[in-house]
Amino acid sequence: MNLRDFHLWIVVAAGAFLGALGVLLAVWGNPENSGICVSCFIENSAGALGFHENPRMQYLRPELIGFVLGAAVCAAGFREFRSRGGSAPLPRLVSGIFLMVGCAVFIGCPIKLFLRFTAGDLTAVAGVLGLVAGVWAGLKGLGGGVHLGSSREEGRGSGFLVPGFFLLLLVLFVARPGFLIFSGRGSAAQHAPWLLGLGGGAVLGALAQRSRFCITGGVRDTLLLGRRSPLLWGLLAFIAAATTLNLATGRFHLGLYGQPGAHLDHLWSFLGMALVGWISVLIGGCPFRQLIKAGEGDADAGLVVVGMFIGGALVQSWGIAATAAGVSLVGKAAVLAGCLFVLGATLLFRERAPA
Amino acid sequence: MLLNFFRSPFSSLRLSLLLAAVPALLFLAGCDREPQGPVLKIGYMNCNNEQETMQRFAPLTRYLSEQAGVRFEAGEFALTHTNSLLYIVLQHNAGLKLVAADKRGHFGARSAGTLIARKDSGIRTLEDIRGKRLVFGPAMAPTGYLAQYDLMLNAGIDPETDLAYYAIPSGSFKHEKVLYGLYFGAFDVAAAPALDLELMAADGKINPDDFVVLAQSPMIPYCTFGSSADLDPAILARVRKALLGLKTQDTVEIDGERVKVLQSAWVEGFEELLDSDYDIIRDMARRTNMPPYQTF
Amino acid sequence: MTFDRFDRFHGLLLLLVAGGLVLLLAVAESGGGRSAAGVDKAMEQDLDYQARVAFVQKLYGPVEDLRRDGQLQQALLKLDELERRYPGEAHGFILRGEILSRMGVLAEAVASYVAALRLNGDYVDARSPLSRQTEIRQLVDDGLRILGGQARSHPENVSLAAAVKNVHYLQSRLAGGCE
C-alpha cells in the first residue's frame with residue numbers, strides 16, 4: 001500500500017464520507033439503519049412514480065438523484081464522461097431486476113448491509129457472509145471465462161439518457177406534479193431534508209465517480225489483492241466512520257433481535273446477498289456503482305438502473321420484499337430464480353477454449 | 001450385465017416394466033402402514049357424550065399412531081385427554097405428566113368461566129344474583145363449575161346458601177343445556193364457559209346482545225393431554241412433538257376417508273404449557289374444596 | 001463534425017418543440033395546472049386513507065365502547081361478529097390484542113398484534129391516526145420480561161419459543177426500518 005498514492009486517499013475519503021453520510025442521513029430523518037440504501041431508495045422512488053401501490057414506500061428519494069447527477073457533473077468536469085454501451089443489454093436489464101430481488105430479500109443493498117452491521121445488527125452477519133460468497137462465485141465465473149462483453153464508446157449519446165432521466169426526476173421532485181406520489185405513511189414519510197439528501201448525494205456521487213468506490217468491488221479486490229487493494233481501505237474507512245457515528249449518536253444496538261428492518265431468516269439473508277454479490281461481479285459493480293457509472297455515461301449501467309427500477313416495482317407489487325416477519329414464499333422463489341438466471345448466464349456467456 | 005439386459009430384443013418391454021415397478025414400489029413404501037407392537041390406550045374424557053367424543057378424537061388417535069409409531073387406541077390409558085381440573089386430579093393421585101394443552105377460541109390454550117344473565121332479567125352485577133336460580137355445567141368442569149364457584153366465593157356469595165337454588169343439567173350436552181336453560185327462562189344466572197359463549201354465538205345459536213356478563217374468572221388452562229408416569233419417555237417425546245407440530249391442513253385416513261385432524265378434534269392446535277400454569281386451578285380447587293384437595 | 005441542412009432543420013425543430021413544452025407547462029402552472037392535469041394521486045390516496053380510517057373507527061366503535069366499559073368478553077363477542085363480515089381486517093386484530101392483553105392472555109395478545117402489523121404497519125407509526133405505538137412498546141416490555149423469562153427457564157418449550165419470536169417481531173417493527 002503506497003501512502004503517497006492520491007487515488008488511495010480519494011478512495012478512503014469516499015468510503016469515510018459514505019459511512020458518515022449513511023448514518024447522518026438516518027439521524028436527519030431517513031429510516032433507521034437506512035440512511036443510504038440504494039435498493040430501498042429505488043423501491044421508494046418506483047412507488048413515487050406510480051410503479052407500485054404500497055403507500056408506505058412511495059417517495060422520490062433525492063439522494064438517488066444526487067448520486068447520478070453528482071457523478072455526471074464530476075465526470076463531465078474531469079472530461080471522463082463517455083457515452084458508451086452495447087454489451088449484453090437485455091441480460092444487464094434482467095440483472096438489475098435480480099439485484100433488487102436479492103436486496104429486497106435481505107432488506108437492503110450492500111451499503112445498508114454494512115450500515116446495519118456497523119449499527120450492531122448481527123442479522124447482517126449472514127448477509128456479509130453471503131456477499132463475500134457471491135463475490136467469490138462471481139470471481140470464479142470471471143476466471144472461468146464468463147464475460148458479458150465490454151461496452152464500447154459510441155458517439156450516439158445513449159449515455160446521456162439516464163443522467164437526463166434523473167435530471168427530469170429532479171425537476172419533477174421540485175415541481176411536485178399531481179401524478180407523483182409522496183406518501184405520508186411508513187418509511188416513505190421518513191426522510192432527511194431534501195436539500196441535505198440531494199446535496200450529500202451529489203457530493204457522494206462525485207467522490208464515488210473519482211474514486212471508483214464500490215462495496216462489492218472492495219470485497220472483490222480484497223479477495224484478489226488483499227491489503228494492496230485501495231478499495232479495501234475505502235471499505236474499512238466506511239466501516240470505521242459508520243461505527244463511530246453509530247456509537248456517538250446512540251444508534252449502536254448489538255444483538256440479533258429487535259433490529260430495525262431486519263428478519264431472522266439467516267439462510268435467505270445469505271442467499272439474497274450472495275445473489276447480489278455474484279451479479280455485481282459479473283456486471284461490474286454493486287447497485288450504487290451502477291448508478292455512478294450510469295451518471296458517467298455508461299448506457300450498460302443505465303440499463304441495469306432501468307432494471308433496478310423495474311425490480312423495485314416488482315418486489316413491492318409481487319410481495320417479494322422481505323419484512324421483519326421473514327421472507328415470503330414468493331421472495332424465496334425469486335431468489336432461486338435469480339440464481340438460475342446467473343447460473344444460466346454463466347453457462348451461456350462463457351468463452352470456452354476451442355476444442 | 002445390466003446394460004446387456006436392456007440390449008435384448010425385448011429391452012423396451014423390460015424397461016417399461018422396470019419403470020412401472022419403481023413407482024409402484026415407492027407407492028407401496030409410502031402407503032399407510034399400521035404401526036407394530038403393543039397397544040397403548042388414550043383415555044378421552046367425555047365432553048358431551050361418549051359416542052361424539054370417540055368420533056371426534058378417532059382421527060387424532062390415528063394421527064398420533066402414525067407419527068409416534070405406536071398403536072394407540074382409546075381406552076384406559078397410557079395417555080389421557082381431559083379438562084384441566086381432571087388433569088390436576090390425575091396428576092395428584094396417579095402422577096400424570098403434562099404433555100400439551102388444546103388451543104381453541106380467543107384465548108388459545110386457556111379459557112375462563114363466566115357468570116351471565118339475560119339482559120332483560122334486571123340482573124346487572126354479581127351482587128344481584130343473591131336469591132336467584134343458577135345453573136352450573138358439569139361438576140368437574142373447570143370453566144363450567146369450578147371457576148364460577150370460586151368467583152362467587154371471592155365476591156362473598158356462598159352458592160350453598162345465598163342462591164335460591166342451583167342445578168346441574170342431567171344427561172349429555174350439559175354445556176349447551178346451561179345456556180339454553182338461561183335463554184328459555186328456566187334459570188336466572190348461568191355458569192357458562194367463555195368458550196361456549198364464543199362458539200354458540202359463532203354458530204348463531206345465541207345472540208351475545210341478549211345477555212350480560214356479570215363476572216369472568218381469570219384465565220385457566222384448557223383441555224389437556226397427559227401421560228401416565230411410566231410411559232416410555234421416547235414415546236412421550238414423539239407424541240408431544242406430533243401434537244405441537246400439527247397443522248390445520250394435516251390429514252389422516254379414517255374409514256376410507258381423508259379427514260383433517262385438528263378440524264375433526266375441534267381444536268386449533270396444541271401448546272406446551274408449564275405445570276406452574278395450572279397452579280391457578282389448584283388454588284381454585286383448594287378454595288372451593290374440590291378434588292384433589294377436598295376435605296370431608 | 002459538420003452540420004448540414006438536415007441537421008439544422010431537426011435541431012431547430014427540437015428547439016421549437018422544447019420551447020413549446022416549456023410554454024405549455026408554464027401556462028398550465030399559472031392557470032391552475034394541478035387541477036388542469038386532472039390527477040393528484042397523492043391527494044386521492046390521502047382521501048382514501050382518511051375515509052378508510054374513519055370507516056374502520058366507526059365500524060369498530062361498539063367494540064371500543066364495550067372495551068372502555070370493561071365488558072371485555074362482550075367486546076370479544078362483538079368483535080367476532082364483525083370479523084365474520086370483515087375477515088382479515090387489521091383493526092380487528094389490534095382490538096383483539098388490546099382486549100386479550102387486558103385479560104392477561106399475553107401470548108395470544110402478542111400474536112394478535114403481530115397479525116395486525118403484518119397486515120398494516122400504520123399501527124406502529126407514531127404519526128398515524130391508528131397508532132398503537134405506546135401499547136405495543138408496553139406489550140414488548142411485558143413479553144420480554146414474562147415470556148422471555150419463562151422461555152429462558154424452559155429452553156426446550158417450543159410454544160414459549162414461538163411466543164418470544166412474536167415478541168421479537170414487534171420489537172423489530174418498533175425499531176423502524178424500511179417497511
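How many salt bridges are there between chain C and chain A? The count is 3, a salt bridge being a side-chain nitrogen of Lys or Arg within 4 Å of a carboxyl oxygen of Asp or Glu. The model is predicted: local features need pLDDT of at least 70, side-chain atom pairs count only at pLDDT 80 or more, and totals for chains, interfaces and linings use all residues. Residues are numbered from 1 along each chain as its sequence is written, chains are lettered from A and ligands numbered from 1 in the order in which they are written, and side-chain values use heavy atoms, with hydrogens and water left out.

Chains A and C share the most contacts of the 2 pairs of chains in contact (heavy atoms within 4.5 Å). Chains A and B do not touch. Their nearest C-alpha atoms are 17 Å apart.

The contact draws 33 residues from chain A and 23 residues from chain C. About 2200 Å² is buried between the two chains, with carbon and sulfur atoms giving 53%; buried area is the accessible area (1.4 Å probe) that two parts lose on being put together, summed over both. On the chain C side, Gln45(C), Cys178(C) and Glu179(C) lose the most area to chain A, together 29% of what that side buries.

One salt bridge joins the side chains of Arg56(A) and Asp122(C), at 2.7 Å from N to O. Helices α3 (41-59) and α9 (158-175) of chain C each give two or more residues to the side that touches chain A (helices are DSSP runs of H or I, at least four residues, numbered from the N terminus). The largest share, 6 residues, comes from α9(C).

The structure holds 2 cavities of 30 Å³ or more. A cavity is a set of points, on a 1 Å grid over the protein atoms alone, where a 1.4 Å probe fits but cannot get out; lining residues have an atom within 4 Å of a point. The largest cavity has a volume of about 90 Å³. Its lining includes Pro91(A), Leu148(A) and Phe349(A). α14(A) gives the most to this lining, with 4 residues. The second largest cavity has about 50 Å³ of space. Among its lining residues are Asn33(A) and Arg251(A). Helix α1 (residues 6-27) of chain A gives the most there, with 3 residues.

Technical notes
1 Å grid on protein atoms, 1.4 Å probe; cavity = no way out; pocket = protein on both sides within 12 Å on 5 of 7 lines; lining within 4 Å. Points joined across faces, edges and corners; volume = space filled by probe spheres on them.
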